[in-house]
Amino acid sequence: MKIRLFLIFISILPLGNVIAQNNTNDKYVVIANNEIVNDSIDISFVKKVYGGRIVLWSNQVKIEPCYIGSHSSDGIYFFHNILKMPEKKFNKYWTKKVFSGNGAKPVMFKNVDDAIKYVLENNGGITIIPHKKVVNKKYKVLMILDNNSNSVSIVN
Amino acid sequence: MLRNKYSIITKPFTRCKSLYFMWILFLSGTIFSARITDKFHMNGYSSFEFEFLLTAGEGDRNASFDADLFDLVFNFFPVERLRIATDITFEHGVSTESNRGNIAIEYAFPEFILRDWIKFRAGKMFCNFGLYNEVHTAKPAFITVKEPFSTNKNNKFGSEYRFYPRWVVGIAMLGDVGFSSVNLDYIIQISNGEQEFTNPFEEDNNIYKALGGRVRLMTENGINAGVSIYTDWLNKDDTSIDVIPLISGGGHLQLEIGSAIFELEGVAGLIDKKKRYGITALVAYDFGLHKIPIIGLDLGFEPYFRYELLKPNISINDNEAHLFVYGLRIAFTPISSIKLDLNTLKFNKNNIMYNGIKLQTGLKAALVVGF
């Protein structure tokens, strides 16, 4: 009984929740390696890619997704506005998926430049970066998103 | 001087180099988001456990520590459309010299991806049934210290035989189909099934193949619902060619409503015309991260309660087994947590595990890391 009470006592210790907020007003873009044949995608496609539900592009090239962690505003945008789930839930989902033998988790980077480099180096690479970081046409821009993750235009 | 690969001069160097390479491989996997190259991903998990039986009954009265497991999970993408997956487990501080512990392959298979909705696997796999079997060794992937007895290891809870085996060797077809915000995934497995007297991962002891499968719906808002089936024909004994049917069907539901988590799994079936069923229900609440000023850490608190019921044979009265699990999971980094469980077990008097004790209570704890 004492142990039960102890467990209940510890469980009601909450002292101020730590939840990151996204205050960015930037536009974001979904970019992919030039080797893929898709010229546009929708937000549902992006969600399925990061959930490991879609693993091949239209030309059957393996999709290689990467993302920026939620330690930065870019990462917060990705989880809050696109996946609409906290990073913790995303990690929990992938923990089950990876350990049950059902796929490999998308690769996480700490900054945008590394994510862009990954997309350039991998034929099926895809990621989400701030619009202001689009400086050349070495990769495809598949979708531009406003700060509510609505598609505002499609380039290419 | 000629030196071949068996040379006593080169061999120690080669061995050293291999060990160094393996060490670097291991470190790079753990440091860089568990990814070594774009084509090769390494993950893993470990579980260190403690068990203490607080009352009379069967269990650990010595309050033992257990180096339960250390698992390495590899995903290799050698060419487009092909994924090689394996999980190698090292259990109970394995030491082959003194015949202690265990090394095992949890699964090892190539997966050929034809389309997102049709993939094929061949090799050793988890039996895809319900919520827990595929992650039963992966302690970071579920809330409690141990997976449920009633629906997963019912042979330790009063059944003569499990509803379905842990692993199968055979071929599988699987895939994902998306409908708006709902995803449907399916898997069909044809395998040797389970058997006692020969290695089912090498040869079958009868002509009958086991057939298993699961269909699951998952929504973006955290609902996971599915049905599973497993059928096989088992030899009655080592020498007999007589077989008995094993049929199990199950359903599961997992809900996440805000910070509350509900899990329900039910399995029913028959073995040799004896009907049986098991139920597991779990409720948990994730309080999220909270700053603890004294220790300067953000800790996550998740209390949980699980109830299990097994009726091993419905034609026998008073043979049920019940388990009540009261616990708390404390996350202290994004990849590690401590779980504390209080398990109260009750076997009714006609259950084969009944030993004259009405209730027995034990403490289970685990330090779990997943990377």
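Buried residues have under 20% relative accessible area, exposed ones over 50%, and partly exposed ones lie in between (1.4 Å probe, protein chains only). This is a predicted model, in which local features need pLDDT of at least 70 and side-chain atom pairs count only at pLDDT 80 or more, while totals for chains, interfaces and linings use all residues. Residues are numbered from 1 along each chain as its sequence is written, chains are lettered from A and ligands numbered from 1 in the order in which they are written, and side-chain values use heavy atoms, with hydrogens and water left out.

**View 1. Salt bridge between Asp176(B) and Arg53(A).** A salt bridge is a side-chain nitrogen of Lys or Arg within 4 Å of a carboxyl oxygen of Asp or Glu. Here the closest N and O atoms are 2.9 Å apart. Asp176(B) and Arg53(A) are both buried.

**View 2. Salt bridge between Glu256(B) and Lys89(A).** The N to O distance is 3.9 Å. The pair crosses between chains, with Glu256(B) in strand E11 (residues 243-257) of chain B and Lys89(A) in helix H4 (residues 87-99) of chain A; helices (H or I, at least four residues) and strands (E, at least two) are DSSP runs, numbered from the N terminus. Glu256(B) is partly exposed at 23% relative accessible area, and Lys89(A) is partly exposed at 27%.

**View 3. Salt bridge between Arg329(B) and Glu302(B).** The side chains meet at 2.9 Å, N to O. Arg329(B) lies in strand E16 (residues 321-333) and Glu302(B) in strand E15 (residues 297-311), both of chain B, so the pair ties together parts 27 residues apart in sequence. Both residues, Arg329(B) and Glu302(B), are buried.
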